Amino acid sequence: MLSFLIKRLAGMIPVVLMVMVAVFAFVHLLPGDPARLVAGPEATAQDVAAVRTALGLDKPLPQQFLTYVGNTLQGDFGMSLKTRRPVVEEIGMRLMPTVWLTLFAMVWSVAIGLLIGVVSAVKRGRWPDYGGMILAVSGISFPPFWLGLLLINLFSVRLGWLPTGGYGTWQHFLMPSFTLGLGVAAVMARFTRSAFIEIAREDYVRTARAKGVPERSVIWRHSLRNALIPIITMVGLQFGFLLGGSIVIESVFAWPGVGRLLVDSVSYRDYPVIQALVLMFSLQFIFINLLVDILYVFANPEIRYK
Amino acid sequence: MSTLSTNTDMVGKTRKPLAEFWRRFMRQKVALVALGFLILLIGAAVFAPWIAPYDPTQPDYVNVLQGPSAQHWAGTDTYGRDIFSRIIWGARISLAVGFLSVTLGAIGGVGLGIIAGFYGRWIDSLVMRVCDLLLAFPGILLAIAVIAILGPGITNVIYAVAIFSVPVFARLARGTTLQLKQAVYVDAARAVGVADRVIMLRHILPGTLPNVIVYFSMRIGTSILTAAALSFIGLGAQPPSPEWGAMLADGRTYMGVADHLTLFPGLAIFLTVLGFNLLGDGLRDALDPKLRSH
């Protein structure tokens with residue numbers, strides 16, 4: 001187990017390095033002079049030169065990269081071009097809204113996905129199965145931003161029950177988290193169904209049935225419990241996709257999170273913020289994947305002892 | 001792997017599995033309906049100038065924000081433009097973005113996958129490591145990073161969306177290549193001194209195609225959805241382009257007043273993506289009936 005952990009952690013080093021090189025190269029791939037971008041369009045040639053020296057952009061690239069890595073490790077991502085405030089502050093105040101949104105979306109996904117998946121598997125080949133799978137493929141194909149607009153139209157504009165957007169009370173959470181979670185719920189439903197069908201073929205399920213265990217207990221105790229291992233893995237992997245989906249959903253509901261910050265920064269060409277956010281998102285995905293791998297090994301003794 | 005690609009190993013009998021595939025595909029009612037719908041849609045996109053009753057970008061300030069009627073089937077928008085006509089022209093954009101981006105991604109991915117699978121060793125590890133990394137990312141984030149470099153616009157959306165199809169196709173092609181590399185006819189070709197490049201192009205590439213076609217359909221759905229999302233948040237097609245995602249974004253301020261502004265573009269995106277996903281499901285089931293039970 002320990003050797004697996006060490007191996008897996010060591011395997012991350014080149015990946016993290018590759019991401020850092022890519023994010024660092026990002027500014028140099030941009031059309032135009034980075035110093036000019038930072039100094040602003042009205043800056044004189046002298047100002048631009050001053051910015052260049054201040055940011056170390058006149059140094060050779062390898063040295064610049066080392067400086068970049070050093071600054072990143074100290075949590076220094078520079079200043080936002082738009083607000084002229086430290087990027088860390090800008091991201092810091094928007095991080096938690098996105099984390100909460102993703103977590104609540106996952107609750108919807110698991111609740112809806114498991115229910116539809118299990119019902120479809122148990123009633124396999126009959127109309128609840130077809131209904132469930134039609135819902136699932138529709139959920140995968142449904143544009144989440146349109147779903148958001150439809151919900152706003154119904155619950156905010158027409159019924160006036162929920163706020164159209166913003167952040168604060170639990171009412172603010174309902175529509176954004178549901179909108180974000182529905183696509184993943186559809187993926188979970190399909191996955192749960194196939195995991196469940198697989199397990200229904202196992203000997204211990206047949207044995208349970210043969211010795212007269214009630215059907216409900218066979219489903220929820222014997223089958224679901226064993227199907228949980230692949231499902232947990234799936235939940236972990238889908239977190240990354242929820243984070244990605246939050247980028248669009250936050251724009252629909254005026255959610256003050258990092259996703260909307262990213263969209264705004266791209267529109268404004270606020271490169272220090274984009275750079276920091278892309279790095280942050282990337283490290284999150286790498287970390288989530290690592291966590292899933294480790295959990296998977298913990299949950300599955302067969303792999304643990306190999 | 002699929003029955004079709006294993007059967008193509010037997011040179012000269014390639015027709016039979018194709019006929020078998022076709023027979024199984026014709027039994028997929030849902031996929032056939034999806035295919036019919038998509039053919040209609042492609043037809044509408046190609047013949048848009050003849051089918052669309054109005055100019056998609058010409059404002060008509062006399063007929064602003066009208067609901068659906070006999071003159072304007074899907075109503076008009078804030079500039080008095082006919083929404084039905086805009087949706088038909090928008091099909092051109094969405095389908096072109098979908099096809100072009102997935103084609104680019106497939107060419108890049110299949111190329112990389114075959115090279116990785118064929119040569120193995122460090123090339124293989126490098127390509128696969130990068131693919132794993134790309135696959136771990138949600139497509140939209142990669143796309144936004146690319147847009148941040150290239151700038152907003154529909155052409156750049158094509159590149160941005162193409163990139164996240166690359167790892168999917170690379171993995172797929174690599175898997176088939178590893179199998180086909182063991183095939184007798186590849187050994188034979190190598191023994192008589194055929195160049196690696198020719199072996200890859202002539203003997204391995206055709207074997208990867210069945211799987212590629214299935215994924216092609218499914219990726220087009222995802223790509224159209226992502227491109228529409230990018231336009232919706234203002235990073236893709238710019239006004240007055242009749243792109244569906246951009247139309248949704250334009251119409252959102254009129255919700256409750258003129259719902260048809262958001263209803264029809266949303267429906268267009270949903271049905272198109274659903275069509276490609278259902279077609280992809282059908283192709284996959286026809287290609288490999290064993291997968292059906294799952």
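Asp281(B) counts as buried, because its relative accessibility is 13% and buried means under 20% relative accessible area, with exposed being over 50% and partly exposed in between (1.4 Å probe, protein chains only). The model you are looking at is predicted, so local features need pLDDT of at least 70 and side-chain atom pairs count only at pLDDT 80 or more, while totals for chains, interfaces and linings use all residues. Residues are numbered from 1 along each chain as its sequence is written, chains are lettered from A and ligands numbered from 1 in the order in which they are written, and side-chain values use heavy atoms, with hydrogens and water left out.

Now let us see which partner Asp281(B) has. Asp281(B) forms a salt bridge with Arg190(A), and their closest N and O atoms are 2.6 Å apart. A salt bridge here is a side-chain nitrogen of Lys or Arg within 4 Å of a carboxyl oxygen of Asp or Glu. Side chains of opposite charge can pair when their charged atoms come close. Arg190(A) is partly exposed, with a relative accessible area of 28%. Follow the neighbours in chain B and you will find another salt bridge, between Asp285(B) and Arg284(B), with the closest N and O atoms 3.5 Å apart. Asp285(B) is buried at 11% relative accessible area, whereas Arg284(B) is partly exposed at 27%. Arg190(A), Asp281(B), Arg284(B) and Asp285(B) are linked in a network of salt bridges.

Let us step back to the interface. How many residues of chain A are in contact with chain B? There are 49, and they touch 39 residues of chain B, where contact means heavy atoms within 4.5 Å. The size of an interface is often given as the accessible area lost when the parts come together. Chain A and chain B bury about 3,700 Å² between them, 75% of it on carbon and sulfur atoms; buried area is the accessible area (1.4 Å probe) that two parts lose on being put together, summed over both. Phe145(A), Trp146(A) and Leu149(A) supply 18% of the area that chain A buries against chain B, more than any other three residues.

Across this interface the rule finds two salt bridges, and over all chains the count comes to 14.

Finally, visit Ser80(A), in the loop between helix H4 (61–73) and helix H5 (87–122) of chain A. Helices (H or I, at least four residues) and strands (E, at least two) are DSSP runs, numbered from the N terminus. Is Ser80(A) buried or exposed? Ser80(A) counts as buried, because its relative accessibility is 1%. A polar atom of the Ser80(A) side chain lies 3.1 Å from the backbone nitrogen of Lys82(A), and one lies 3.1 Å from the backbone nitrogen of Thr83(A). Leaving aside neighbours within four places in sequence, the contacts of Ser80(A) include Glu90(A) and Asp270(A). Glu90(A) is itself buried, at 4% relative accessibility, and forms a salt bridge with Arg94(A), the closest N and O atoms being 3.0 Å apart. Both Glu90(A) and Arg94(A) lie in helix H5 of chain A, four residues apart, about one turn of the helix.

Terms used:
A polar contact is a pair of N or O atoms within 3.5 Å; within protein, one must be able to donate a hydrogen and the other to accept it, and residues adjacent in sequence count only if both atoms are side-chain atoms.
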